[in-house]
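Visitor: Hi! Could you walk me through this one?
Guide: Happy to. Here it is.

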Amino acid sequence: MKRRSRVPDVPELAAHLRNLEEAWRGRRLDSDPLLFPHRYERQDDREVAAFLASSLAFGRVASINASLEKLFRTLGPQPASALRGGGDSWPGLEGFVHRWVDAGSLRPFLRAVGETLRTEGSLGGLLADGDDGSADYVAALDRFFSVLRERTGVPPAGRTRGLQFLLPSPAGGGACKRAHLFLRWMIRNDDVDLGLWKGGVFSPARLLLPMDTHVHRISRYLGLTARPTADLRAAREATGWLSKIDPSDPVRFDWSLSRLGILAECVRDPRRSRCGDCAVRPVCRAASPRGRPPVRSHASGASPE
Ligand code: SF4
């Protein structure tokens, strides 16, 4: 069997990634927390809903959806207005637990979002204020979360694990999938992404691949990165290869790549993956000839991070 080069054959990879993109275009929004911002009409509600939904986008799909239903039920039909109004107690969050994020972590996080809406007018305004025009948004995100941390009103020593997780430091070397996912939703505009932030500092060309464990594993299969961990360097490396396919919009392939993991089409044991159905099989280093046979129905499964 022909041994594959360590670096991808870009034209060949491009052809198969485009096929994968077509296969998943606009499909299975129900498998993603992006479903929640799509429920709202107003731009400010969509922005806030996207930030909250991406912030809790870790764990199993069913658990993410249940936690977000509870959160958005508490905030009511206009979450941006509710947070801008400065409410603090949110009794509907009593008993809220999403893995290590509980109501005690979520309340100061919501307070910081509300103060940002009052001060800058939008989350996009805060991000743009801290942007230095570098190649990607890592430094801008770092400043964005730093301001939000201050606005929680919680001193560093008092910040719970949950609050720290909600307000990460993207320049610290982690992939920070949820932060880059939020930016993908806000800056890209297609069948699923919202495209609410346009012009000025906002460009799809500067986005990084939101890298969770599934996307990292599949990126390795496709030769987009050789790094053993899903970190910032791996996200930049994989995005760099995708930029060779589409420099103006490298992250356009994230929806389809992430469906493979989220919907358990591609799992760690290749014999259990649906390689027979998979559009990138010809360029995949892990494709199994004995993988599960092609099927036409897709079941929900494990999710990100
Ligand atoms: S060909 Fe198989 S192992 Fe490769 S990405 Fe597709 S499902 Fe995963």
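**Helices and ligand**

Guide: Helix 1 and helix 12 are roughly perpendicular to each other, a label for angles of 65 to 115 degrees. This is a predicted model, where local features need pLDDT of at least 70 and side-chain atom pairs 80 or more, while totals for chains, interfaces and linings use all residues. Residues are numbered from 1 along each chain as its sequence is written.

Visitor: At roughly what angle do the axes of helix 1 and helix 12 cross?
Guide: They cross at roughly 75° and come within 8 Å. Axes are lines fitted to C-alpha atoms over the stretch in contact, with angles from 0 to 180 degrees between N-to-C directions. Helices are DSSP runs (H or I, at least four residues), numbered from the N terminus.

Visitor: New topic: is helix 9 largely enclosed or open?
Guide: Helix 9 (residues 177-187) is largely enclosed by the rest of the structure, because 11 of its 11 residues are buried. Buried means 20 or more other C-beta atoms, placed from the backbone, lie within 10 Å of a residue's own.

Visitor: Which helices do its buried residues pack against?
Guide: The buried residues of helix 9 pack against helix 2, helix 6, helix 7, helix 11 and helix 12.

Visitor: And how do helix 2 and helix 9 cross?
Guide: Their axes cross at roughly 150° and come within 9 Å. Helix 2 and helix 9 are therefore roughly antiparallel, the term for angles over 145 degrees.

Visitor: Which residues come nearest the ligand?
Guide: Cys266, Cys275, Cys278, Cys284 and Ala287 come nearest, out of 16 residues around the ligand.

Key:
Helix = DSSP H or I, 4+ residues; strand = E, 2+ residues; numbered from the N terminus. Parallel < 35°, antiparallel > 145°, perpendicular 65-115°, else oblique. Buried ≥ 20, exposed ≤ 12 C-beta atoms within 10 Å, placed from the backbone. Contact = placed C-beta atoms within 7 Å. Near = placed C-beta within 6 Å.
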